[in-house]
2 protein chains.
Amino acid sequence: MSNQTKYELYKNHLERIADVRYSGAVLNWDQEVNMPKKGAAQRGRQLATLAGIAHELSVSEELGALLEDLVNANDLGAVQLKNVQESYQDYTKQKKYSKAFVEKMSMTITKAFHAWNAAKKESNFALFQQDLSDLVDIKLEEAELLGYENHPYNALLDQYEPGATVAFLDPLFEGVKTNCVRLLEKVNSKQQPVIPFKGKKFDKDAQWPIGIKLLEQMQYDFEAGRQDLSSHPFTTNFGSLDVRVTTRINEDDPLDMISSCIHEGGHALYEQGLLPENYGLPSGEYISLGVHESQSRLWENNVGRSLEFWQCNFPLMQQYFPKEMEGCTAQDVFHSANEVTPSLIRIQADELTYHFHILIRYEIEKAILTKSVKVADLPALWNELYLKYLGVKVPSDAQGVLQDIHWSHGSFGYFPTYSLGSFYAAQYFNQAEKEISGLKSMIKAGNLLPLKQWLNQNIHQYGKQYSADELCRKVTGESLNVAVFMQYMEEKLGRVYGF
Amino acid sequence: MSNQTKYELYKNHLERIADVRYSGAVLNWDQEVNMPKKGAAQRGRQLATLAGIAHELSVSEELGALLEDLVNANDLGAVQLKNVQESYQDYTKQKKYSKAFVEKMSMTITKAFHAWNAAKKESNFALFQQDLSDLVDIKLEEAELLGYENHPYNALLDQYEPGATVAFLDPLFEGVKTNCVRLLEKVNSKQQPVIPFKGKKFDKDAQWPIGIKLLEQMQYDFEAGRQDLSSHPFTTNFGSLDVRVTTRINEDDPLDMISSCIHEGGHALYEQGLLPENYGLPSGEYISLGVHESQSRLWENNVGRSLEFWQCNFPLMQQYFPKEMEGCTAQDVFHSANEVTPSLIRIQADELTYHFHILIRYEIEKAILTKSVKVADLPALWNELYLKYLGVKVPSDAQGVLQDIHWSHGSFGYFPTYSLGSFYAAQYFNQAEKEISGLKSMIKAGNLLPLKQWLNQNIHQYGKQYSADELCRKVTGESLNVAVFMQYMEEKLGRVYGF
């Protein structure tokens, strides 16, 4: 059998795995958006069965044999070879998990998730403590099983951000910390801007079309996607031709829905920008969570919180909220979107202090994985760090250490990708500005197509053909450079706060 | 291993198959209700893969070995044994399909469905002809592979209505034809009733809550289901705890949506009435399409087109359409719901002439499957038969041979089950009237719970524990008897037309 024939078999196999995984994604989407309440248990077993089948397919002997042959082939195209290498790496990793371990982990997570839900409801960390401790143990077991150098955290980071390590993140976050502290001091020395529309009510039904129009302006393709409501906004996809976003609406703050729409829209443009012919293959999949987040943050922050964006879209606000916007200007919305206020809850944080939330989680994750801190002491540590970095007193576990869902899913190593997303976003946007002449005027004119096309061409279309670092160097000429983010923040906050 | 242990393994296996099949149903529902247009091709392959996996599981050697042992076990309970027997029969049948054939058929159907959509849009049968011809060929291939006596159509009929054959249906339909022709002549000799609200416009948004309220009145459980809009109303389910209905709204005729809601609601009550503990097992599945249709028709026609039903629900019409209903009575709606007018479109047909539509399709299906008629000649044959039986001239393919979705899904042998449904419905409703004293007064009072419970207890809860014929005899004391339907029609039309 020729290597090209084997490659076709390998491709078919991966497409089948994608079919099952994407089917699970449809069931998940439906669960969040449509499912009636009594359907939960039957849906749970359907999802578990699909996950099991996808796993079986991804560790099949047949796939292994094809990959063993193809990974050493010298007559494949460059993209083909890269696909095979990525798949082989993934296959080797998947093979390290025994069925018993997968089942144990799945049970530990399910149990922990329920415990976290109960603990959060009662705002009592003690109810989650033992389960969190079990999760840490099983995640350490997973790190051993996967193998790592220097720090067990590296094995876990690698699952979300291939290549990221403690050695890479430590100095990076140290720099961010110093700079953010300095910038926050500057902001704190100034008056907060006055936002005339604060405290007004913004009707749900009137907000909805604004979100749709902004997605259209971003060139989100509604023929290959749709927007719905759900309790937590998310993006999901079933291939690159059906990429869905959800949002939620807060009547006290229209920028809540607007920024979440643009954020999810940015994720969605990445998925819609992957090439349909690469369905199921590494070249048809996103690079890392950090790069994915760079796409959502670039749109949400670099575009959607810019003065030019609001100069363009303020009339839209006036159209749907003529009374509420009376006496306001584009400048007011720009200020509102960029107000810096240290606060308790990560997902409500502003663009600057957000990174303190991540820093805190990063430090805690390292500490519990090396057992240098006991799980029982987490709430105290959490509260201490929030006071130190953000200057806020945490009034309850629910608003503190229990606020995020991630740990209850065993997702240690996930949080840093959020910050990486912001840093990559600043660097990519900076590069786009250099290459698209008049980009800011285009944003002001509502012409976002050139930016979307630039991202399609420079980032989206490649899928996993490059690593996060390779792509960053290819597009911007250098590796991740936090200085670009810090400069962007300094400039923008200077405009808002007048320094 | 004890037979009880083997039975547990068999049960787990069937539950897994159900998980995959119901996952496919979620993807199908989503395709009809939500999917953006560009998602079609990737969705098609996802559905094909799931169908392939469900098939693999349902013909696995492991399942076969369990069934071989269990089908001869003498220490299983009666329901367990019946489950095993049904599954063994199904297994033997499924074994006849190769994986390649199943996937080919799924792809052919997806392609044909899109061709039919385009052909119907342009009202041009030629655009569908080749795909229909391919479908006929693959269905004949299927009939050969399944095996049959006397007529290839029998193999296909059996898939929808186990036990039904041409030899059974030919005389049955001959009798129905004679009686319906006679009754239609009687109707034609009378004046049509005057319907004062005819020609008025009924706003979509005002119609919607009427449908919801009628479903609630029928005791459809909205915590285990939901209603949405789709171009063709349907019911689907993913277990008995998530049973969904769809409808569509015609502003020229509110009874269109109302009857479709009640119809789909009747289907849904059957699925919601299956026992959750029988998930995936024959005892948790409907008997046949004919019996399924008996449940939708019983509600749609025997209940929903009765004078008592409209005496109860006319105020609902007045509430949402006060102006449009001015000067009208419950009697007027009752007349409108039962007006007999030979027409072009099956799904808009009245309760009497409906069966001519089925007769025509039955004759055509027999003819194309024996190749005594060429696919290319179908439009001409269709138009000829409509003139002959219904006295109507077919003005276009869209309103003629392309009107139904069924053939585009390869569903030959499906249509007869619609008529069987009406006949069973009349017989079951007749029995319910005997057993529930004051049923008609209850309907008039909007108290539909006793009827729903009677159906739950006498029909729904058993799943496939009885065949269609066994159940009919168990509940009504005799096999299918078309005279009950004819008498019901004669009586009702006598009330409407005054004979």
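Predicted model: local features only at pLDDT ≥ 70, side-chain atom pairs only at ≥ 80, totals over all residues.
Colleague: Which helix supplies the largest share of the side of chain A that touches chain B?
Modeller: Polar contacts between chain A and chain B come to 26 residue pairs, both at pLDDT 80 or more. On chain A, α1 (3-33) and α2 (40-58) each give at least two residues to the side that touches chain B. The largest share is eleven residues, and the helix is α1(A).

Colleague: How many residues of chain B are in contact with chain A, and what area do the two chains bury between them?
Modeller: Chain A brings 39 residues into contact with 41 residues of chain B. Carbon and sulfur atoms carry 48% of the buried area. The area that chain A and chain B bury between them is about 3400 Å².

Colleague: Why does the span of helix α20 of chain A agree with expectation?
Modeller: The helix runs over residues 482-497, which is 16 residues. At 1.5 Å a residue it should span 22 Å. It agrees because its end C-alpha atoms are apart by 22 Å.

Colleague: Which residue takes a positive phi just after α20(A)?
Modeller: Start at the other end. There, a side-chain oxygen of A:Asn481 comes to within 3.0 Å of the backbone nitrogen of A:Ala483. Just after α20(A), the phi is about 75°, and the residue is A:Gly498.

Colleague: What covers the buried residues of α20(A)?
Modeller: Those buried residues include A:Phe485, A:Met489, A:Lys492 and A:Tyr497. Their cover is drawn from chain A. It includes α8 (166-188), α11 (289-303), α13 (330-337), α14 (354-369) and α16 (416-435).

Colleague: Which helices of chain B do the buried residues of α6(B) pack against?
Modeller: Helix α6 of chain B covers residues 126-146 and reaches 30 Å from its first C-alpha to its last, close to the 30 Å expected. Its buried residues include B:Phe128, B:Leu132, B:Lys139 and B:Glu142. They pack against α4 (78-94), α5 (99-122), α7 (152-160), α14 (354-369) and α15 (378-390).

Conventions: Residues numbered from 1 in each chain as written. Chains lettered and ligands numbered in written order. Heavy atoms only, no water. Helix = DSSP H or I, 4+ residues; strand = E, 2+ residues; numbered from the N terminus. Expected span 1.5 Å × (residues − 1). Buried < 20%, exposed > 50% of the residue type's maximum accessible area, 1.4 Å probe, protein only. Contact = heavy atoms within 4.5 Å. Buried area = accessible area lost by both parts, 1.4 Å probe. Polar contact = N/O pair within 3.5 Å; in protein donor to acceptor, adjacent residues only side chain to side chain.
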